[in-house]
Amino acid sequence: MHSRLHLLAISVALGLTACTSVPVAKTSQPALTTQTLSSGGVMPAEQKRVHFDHAELHFSVDPAKQSIDASATLSFTAKSATDTLLLDLDRNLPISAIALDGQPLAASAWSNPDGRLRIQLPAPLNAGGKVSVTVRYGGKPHVAKHAPWDGGFVWSHTADGQPWVASAVEGEGCDLFWPCIDQPQGEPDLVDTYITVPKTLAAPGNGVLIGITDEGDKHTYHWRTKHPDTYAISINVGPFKLLKGNYASRYGNSIPMELWYLPVHEAGAKALFGEFRRMLDFFEQEIGPYPFGDEKMGVVETPHLGMEHQTINAYGNGYPKSEFGFDWLLQHEFSHEWFGNQVTNTDWDDMWLHEGFGTYMQPLYGQYLHGDMDYFTMLHTERMSLKNEFPIVSGHSKDEHDVYDEGRGPANDIYYKGSLMLHTLRQLIGDKDFFESTRRLVYGRPDPKPGNFSPRYASTRDYIDIVNKVTGRDLNWFFNVYLYDAALPTLEEQHDGDTLKLHWVTEHGKPFPMPIEVQVGDTVHKLAMSNGSGQLKVPAGSLLIVDPRSKVLRAEPYLVEYREWMKQQRAAKAAKAAKK
């Protein structure tokens, strides 16, 4: 199990934790291979040669045996000639048969020794050619020990003993329970999911409910969704009740809203459902149209904290009240419908596009609801969580572990440093250009309306180019320091008589002409810092505040000292406890 601390860190940073405690079944299980543990990285050439058109996924879920019986029919179009299909599927889910275009394939034509399923085509497929592969498989999917920090299934029970099941696979990837292309750019155009469960249980899923088919003492839910993130396909099973409604969008369409919840939590669920319209209004006003308005805004109660599953966000926060007047987990996961599901990072190295924007949406929402006090309170809490040990972006292809694991990558800084950088950018370029740049990133255009956009991929470089184009300025210097340096820029102060001299210092000596405001007495002066330096007359005895409106993210010695003191306090407390 690897360390993925982002949701925990968010809850700790905001002073909130889930109040629901659910016993999760413990089980021994075979280890995952290195291949299956890894998600993303450099995409193999064989996977680059095909476009993923459609996935038809069938799952019969047996909670008593903690197993699935499954089949997947996957359709591809060749972008260039290929003689191989290369998919990802955990080898611990045995394959019973494979067929190509409906014809059985000899076992000698495929292999899956380490979780990378290689299928040899009977004849080469030319560019533009189409092929359909059906994989029949099943068994016990990997069980998460502490979802969503590690990936897999959660086999749990409600308080009255009924099965309560969920999947969460962002870290290890879709291949934990269906054959896929386990890459950020591996999204299928369309997915039909069929989930068969006992009639006493429901199976909410991604997208639109096409129908429910009775099958004796079981029934099958058929869901359909467009362009889902591969890790956003989810399994949810439980004795759920359903709250439904519709949101009248400012863009003229009506958006279905659904909350699937456990009956024992009805009061909390109704209160949470009451937040849906307000959140939709915020995002549609500040960012743009809800990307999946023709499907739904969906949430399902889960036996783990949460995950951004497209149109059926996992929620396990326990329905708490908050000093900020909204449920942070719902708001954060819902933000990923824009930042993650509508616009998807081209590589895990660009994951801050999901998490930095997704995290900035909480203080921005606090400002939207209650004004600046909540906004800056949340930003300061984020500021206290920065590590600054790795750059947010490396400029090289990464897998999920390279980004999220403490000591190996930027980890929580893609959330908090990303968010604080966006705050600084907003102060630098102004609201008009900031939000237009954001819309262009999300939708690929400045004027999104339902029907004139579709889900898209973007990289860090794409976003930088968008900001430069919208502002008409070359702001590469800004991103070169905040994204590609680990350390924050330092503003050195020198007093020479009644002259205050300021100079920016960056980790690798990169230029950083960041303007800075300085309050002297009652007057706020703005220094251009065009060459990274500036100076100002400050009469003796005058009030002096550098950056009085907290616009610029920079290294602050007092915060470093405080964090070190806190570290010492924790170590002393642990040592004292060890002696008892």
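Axes, in what follows, are lines fitted to C-alpha atoms, for helices over the stretch in contact, and the angles between them run from 0 to 180 degrees between N-to-C directions. Two packed helices are described by the angle between their axes and the distance between the axes. In this predicted model, helix 7, which covers residues 352-370, packs against helix 10 at an angle of about 75 degrees, and their axes are 8 Å apart. Because angles of 65 to 115 degrees count as roughly perpendicular, helix 7 is described as roughly perpendicular to helix 10. The residues that form this contact of helix 7 with helix 10 divide into 14 nonpolar, 7 polar and 2 charged.

Beyond its neighbours within four places in sequence, Ile-233 is in contact with residues including Leu-57, Phe-177, Trp-178 and Val-191. Of these, Val-191 is 42 residues from Ile-233 in sequence, while the two are 8.7 Å apart in space, C-alpha to C-alpha.

Other loops also hold buried residues. Thr-506 is found between strand 23 (499-505) and strand 24 (516-520), is buried with a relative accessible area of 10%, and touches Val-481, Asp-485, Pro-489 and Phe-512, not counting residues up to four places away in sequence.

The backbone deserves a careful look as well. Tyr-319, in the loop between strand 19 (313-315) and helix 6 (328-335), has a phi near 55 degrees, a positive value in a residue other than glycine. Met-529, in the loop between strand 25 (523-527) and strand 26 (533-537), likewise has a positive phi, near 55 degrees, and is buried with a relative accessible area of 2%. A cis peptide bond, with omega about 0 degrees, joins Ala-147 and Pro-148.

Finally, there is the matter of confidence. The mean pLDDT of the protein chain is 95, but pLDDT stays under 50 over residues 1-25. Where pLDDT is low, the predicted coordinates should not be read in detail.

Notes:
Residues are numbered from 1 along each chain as its sequence is written. This is a predicted model: local features need pLDDT of at least 70, side-chain atom pairs count only at pLDDT 80 or more; totals for chains, interfaces and linings use all residues. Side-chain values use heavy atoms; hydrogens and water are left out. Contact means heavy atoms within 4.5 Å. Helices (H or I, at least four residues) and strands (E, at least two) are DSSP runs, numbered from the N terminus. Buried means under 20% relative accessible area, exposed over 50%, partly exposed in between (1.4 Å probe, protein chains only). Angles under 35 degrees count as roughly parallel, over 145 as roughly antiparallel, 65 to 115 as roughly perpendicular and the rest as oblique. Ala, Val, Leu, Ile, Met, Phe, Trp, Tyr, Cys and Pro count as nonpolar, Asp, Glu, Lys and Arg as charged, and the others, Gly among them, as polar. pLDDT is the predictor's confidence in each residue, from 0 to 100.
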